[in-house]
Amino acid sequence: MTASNTADLFYQLFNTFTFLAVIVGGIVLGLMAYLIVRFRGRDGFPEPADAPTLGHIPPARGHLKTVAISVTLSAIVLGVLIFGTLNATEVITTVPSECRPLQSSPYGSAHCAYIQVTAFRFGWNFTYLNTILEGQTLTGNLTIPFGTNVILQIRSMDTGGRQGVFHAFGVDDFKIKKDAIPGLTNTLWFRATDLDPHTIRCFEFCGIGHSGMTGKVNVVQPGSLGCSSTGC
Amino acid sequence: MQISGQAAKYWLYSTNHKDVGVLYTVTSLLFFLIGGVLALSMRAQLANPTPGILPTSTYNEFVTMHGLLMILWVLSPLAIGLANYFIPLQLGARDLAFPRLNALSYWLYLFGGAGMVLTFFVGGGPNTGWTLYNPQTACSDPLCAGAGLNVATGALVLLVASITLGSVNFIVTMFKMRAPGLKFSHFSMFPWAMLVTVVIMSIVLAIIGIAAFMMLYAFPSFLAGLVLLFADRTFPARLSYLSSSQSGNIPSLLWDDVFWFFGHPEVYIVLFPAIGVIGEILPTFTRRPLYGAKYVAWSMIAAAVLSFIVWGHHMFITGVSPLSTQLFTITTIGVSLPFDVITISMIETLYKAKIRMKAPVLFAIGAVALFVIGGITGVFLASIALDHQLRGTYFVVAHFHYIMVGAGILALMGGLYYWFPKMTGRMYNERIAKLHFALSFIGFNVLYFPMFFLLEMPRRIASYTINTGWLPLNQMATIGGFIFGLAQLLLFANLGRSLRNGTPAGPNPWEGWTFEWSTSSPPPPENFGTIPRVASDGTVDFGSGHRGSLATGLPNGHGAHPSHLSRWPIIMALGAFLFLLGLTVSSPPPNYFLLVPGVVVGVWGLTGYGREAFVVPEGEKTADWPFAGIPRARLGVWVFLASEIIFFGVLLGAYAFVRTNAATWPAINSLFEISHGATNTFILLASSLTAVLALACARQGSKSGLVASLVGTFALGTLFLYNKAMEWQQLASAPVSIFANFPLPATTYYITTGVHGVHVFAGLLMIGYLIPNALKGKYFGHGEETIHHFGLYWHFVDIVWIFLFPLFYLI
């Protein structure tokens, strides 16, 4: 059981890639191993007719057909991977329609949970734009409702006159990550599917506190945040 | 080997490609040791994360320096060392096109490396990761790198200069100095790979030069601009996932884009020579021609071209437009196709072969196997969706080490073993070499394969808690790291001892076909008695001037013995080193105790270089399609100017990036007065006219005309710089100072026109050198080529201004 819908999606795609990787890699490396053993030089075996000889430019060797076949096969495999990638990417980078802002409601028709994440050196601030925590800024701990869409707006800002630097907000268990770039707001969305706590880490080197720049995601029943099963 | 005064002087002054090749190879192996010690320290730390053995700040320096040193001071230079030694031999040439420039390339590389090591001792090495991301590198508070980073950027500038000169040298050599009858289609894989590599290098290194330069001076100002703009802006409440036009993302992503536009082709620069070496070793040890050599060659070109349109895969989660990420994911996944062709061809070569299992081919085959794993995992990272998890984790670290170390280093080590007998006349010890291979291969996989499973562990962390569960895999990796690292000692011991005690090697111990195997081991100074000739049926005539002996007189038509020693390259490099150190080591800059001697030594070196009577034989016939009739030096100037086009292109691209992302910009003619710009435009155009006149006078043999035109060009150039200086001063000191009120226009303007101005100044220095010689009547007949070269440079600088003028003054 994975921790979020995005994790599910990730594993589906990752497992496809891994499956194909093991097959292709296995065939290629296996072929190599076979050829090395089969054609290792043994005394008494004659030199091949086109062996390199000083004083001669070697003759051409190889068939365009072989090249064409291997390129075509590869292209088919790669095409599958591109297709899967574009589909999965579309889902994880597109905020669901019911959460997209409207004239009447900045949090979408379903009033999805919106939280601003501000990365700083070296921690995470969470400003709740809605839910009962609206207006509050808490550090280190992110509380989100179980089972409904959560939209995170990722930014980077240092305080005390220091220029903010790149960070990257990532939650391993949700298999989702986005850079925090000074001056930019990046958006991330997902839906938690378990009630366990999860670790937030920084995935873009940001200085001396990078290793310890962690946080926690607490997943609670929607009611505790003043949300329902459809929205906040 | 005796180290006498003579020997030392010989190594300091030699310009022979074989000596320079040895210098590069040995030096790169030295940096390999340094980079390796840094790596093992990090591995030791990660196997003992708490309480740990390295302070975090030290760890951060180590991880940064490990990357910079390995990529820029080990991998490419090792390839360049082998290329230096063997490309001329494989082409049937006696040396590279410009031997002194070649030596200069080496010394710049060495001094740059010295600068890098020096950073540890002057304020700490750079500690931002090898990618040197802005804004981290731009900040000036105590949490950021101090003088160390500045010195590093100076060192990078030296390295870029080294590689730029080297690329020009190799390109001219490959196009102008092939043996008669040797077509590109006859090339073995190493020269071909190096040709593709140096072409990419000459394009791309200009960019890292800009990047280094930008780091030194541009970004602090950008930073100021960003802060000002940012203060005026309210945080956008609307969602930004669909668009990259979000305001305020100006400087940070600019660095990201510029760096990776260089960075991705750079890793191909690192990889292609290794592919070339594999392509050399396989035919010799399988006793068959390389399968599909033609297709491999075309695939390398395809991959090189594609390498310029994949860089966005380093920026998938930065918030750039979805369309650009989609395009980049397709191109990145697609670039594996040419590599498929290359890999399959190499494997097919083994079919119906008779493989002689010696160290070189073990390393080559091992490299191919590891390349397969590295390449497949690269496809994972090419997927935007998967990158949302894998970015910034150890999965990435594993992937690129499989390519760079697994394919790159292993292949180059195979090359070292392969060519050691030729370079030294001795065989290495085969059993120890095989042991070296086995331990390296096993150690490597124990080190890096576990990292694929650490896809939740962030990169560049100095420590982690035990409850992450990452410890066992890290410990395994550390064990592998020490096995791999200690195994390399076998390489040094083996080659070191074999230098003295190895079995003497004949000219062709491996029964190879490429031209270097026709010479003695090591080859004589001029390489060949007579240059080989390739007949149309593919047979090669190595002539009667045989392997061991050297024909007594060289058929260069002048009877003059070619020069080999020159003191000026090392002196010029030293001057450049002191100068850049003077600019970067003190805060605030400059440090005059280094700067002034640097200028003095540099100018002394340049003058000596120019006045030295250095003989490079050019009389022998060569294959030179498609540049028949173009003198080597002129081709060199063209190639150099081509890389300058990229340099200015990226600089102007950066300006365009800033401009299109800036919310406001001063109105036309309000800040930069058109009349100033127009006047300077006319002045430069007139100076191009006088430069054309100078060439015409040289051709007609009119000394007074030549000198007058040169003086006129000098005067106009000086007038241009004077006007510019006045304009600069006016802008800076006006009641409404440009810096305070228009920081982004200020920065882009001063940097761009400043770089251009430095080019104009360099042109003036050139004229300063030309005029006295013109007075002595030096530029008639053949000498007019020098005026022609100067003209090419000067016109180029003027054309750049023709672009600058409208971009800054008219829009």
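What follows is a short chat about the labels used here and the values behind them.

Modeller: First, this is a predicted model, where local features need pLDDT of at least 70 and side-chain atom pairs count only at pLDDT 80 or more, while totals for chains, interfaces and linings use all residues. Residues are numbered from 1 along each chain as its sequence is written, chains are lettered from A and ligands numbered from 1 in the order in which they are written, and side-chain values use heavy atoms, with hydrogens and water left out.

Colleague: What makes C99(A) and C112(A) a disulfide?

Modeller: The label asks for two cysteine sulfur atoms within 2.5 Å. Here the S to S distance is 2.0 Å, so the pair passes under that definition. The link is left-handed, with -75° about the S-S bond. Both cysteines lie in the loop between helix 2 (64–93) and strand 1 (113–120) of chain A, so the bond ties together parts that are 13 residues apart in sequence. Over all chains, the search finds two disulfides. Helices (H or I, at least four residues) and strands (E, at least two), by the way, are DSSP runs numbered from the N terminus.

Colleague: Why is the contact of E47(A) and K354(B) called a salt bridge?

Modeller: The rule wants a side-chain nitrogen of Lys or Arg within 4 Å of a carboxyl oxygen of Asp or Glu. For E47(A) and K354(B), the closest N and O atoms are 3.8 Å apart, so the pair counts by that rule.

Colleague: What is the strand order of the open sheet in chain A?

Modeller: The five strands run 4-10-9-6-7, with mixed pairing. Strand 4 (141–145) and strand 7 (176–180) of chain A each have a single partner strand, so they stand at the edges with one side lacking a neighbour in the sheet.

Colleague: What makes L30(B), L33(B), F482(B), L486(B) and L489(B) a nonpolar patch?

Modeller: Patch residues have over 30% relative accessible area and no salt bridge; nonpolar side chains (Val, Leu, Ile, Met, Phe, Trp, Tyr) are joined within 5 Å, and like charges within 9 Å. The residues in this patch are leucines and a phenylalanine, with about 450 Å² of accessible area together (Shrake-Rupley method, 1.4 Å probe; for residues, only the protein chains shown count as cover). Helix 2 (17–47) and helix 15 (471–501) of chain B each give two or more residues, and helix 15 has the largest share, three residues.

How values were computed:
Pairing = 2+ DSSP bridges.
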